[in-house]
Amino acid sequence: MPVAKGATLDPAQTRASILRAATGLLYQRGLDGIGVAELCATMGVSKETLYRHFGSKEGLVRAVLEARSQRIMAWVLKAVTAAGDEPYAQLAAVFDALAQWHEEPTFRGCGILNAATQQHEGPARLVAHHHLDRQLDVLTDIARRAGVSNATHLAKQFLALRVGATVLADHHADTEAALLAKQAALALLRSAITTPAPAPRP
C-alpha cells in the first residue's frame, strides 16, 4: 500500500526494513509468539506504518514467508549450479547446503513449514505449499536429467528426506541428519538408474 502523502521516508526502503526486522522476530518467536503491538514496538514502527505497507499482521506474515522462500530457492539453485552438470553432484550439493544451514547458530528449523504448522488455514499454508512445489521442481529436474523414468516419484522421495532431515536437526539436535539424508538420496538415485523400468502391460 502507498505511504501517506507527506511522508519523509522512502516507501520501498521502509517496507524492506520492516520485512528484515519481522523476519528475524517471527522466525525466533513464531507466529503466535508475538503480537502486533510488541512486534511494532520491537521494530520501532507504528501500527499505522505496518498496516499501511502490509494491510495486517497476516499480510506481513505472507510477505515475510514469500521473501524467505525466494531466498531459500536462490540459495538452493546457487548450490546446484556451483556443482556443475553432473546430477549426482547436484543432488549431493542440495544436501550439503542443507547441512551448512543446520550448523548455523540461529537455526530453528524451516521457518515456512513452522509457520504453516501454526496456521492450519491462511497464507502460511499457501506459501508452504508453493515453497515445497518449487523445491520439488528442482529435485525433479535433477532426477530427469539423470535419466530416471519416474523423475517426479523419485524427487518426492528426495524432498521427504530433505524435510525429514531438517525436522531431525531441529527437534532431535541430530548433527548428522543432512549427511544421512544425502547418503540415502544418492543411493535412491543409483538404484533408480540401475534398475530397469517395468515392462509395459500388453
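Predicted model: local features only at pLDDT ≥ 70, side-chain atom pairs only at ≥ 80, totals over all residues.

Modeller: Residues are numbered from 1 along each chain, and side-chain values use heavy atoms, without hydrogens or water.

Colleague: Which residues of helix α3 are called buried?

Modeller: Buried means under 20% relative accessible area, with a 1.4 Å probe and protein chains only. In α3 (residues 47-54), Thr-49, Leu-50, Arg-52, His-53 and Phe-54 are buried.

Colleague: How do you know that the buried residues line one face of α3?

Modeller: Seen down the axis of α3, they fall within an arc of 165 degrees, so they line one face. The arc is that of the directions from the helix axis to the C-beta atoms. These buried residues pack against α1 (11-29), α2 (36-43) and α4 (57-82), contact meaning heavy atoms within 4.5 Å.

Colleague: What makes you place the largest pocket between domain 1 and domain 2?

Modeller: Domain 1 (1-55) and domain 2 (64-194) both give residues to its lining, so the pocket lies between them. The domain bounds come from an automatic or database domain assignment.

Colleague: Which element gives the most to the lining of the largest pocket?

Modeller: That element is α4, with four residues. By class, the lining has five nonpolar, three polar and three charged residues; Asp, Glu, Lys and Arg count as charged, and Gly is among the polar ones.

How values were computed
Buried < 20%, exposed > 50% of the residue type's maximum accessible area, 1.4 Å probe, protein only. Helix = DSSP H or I, 4+ residues; strand = E, 2+ residues; numbered from the N terminus.
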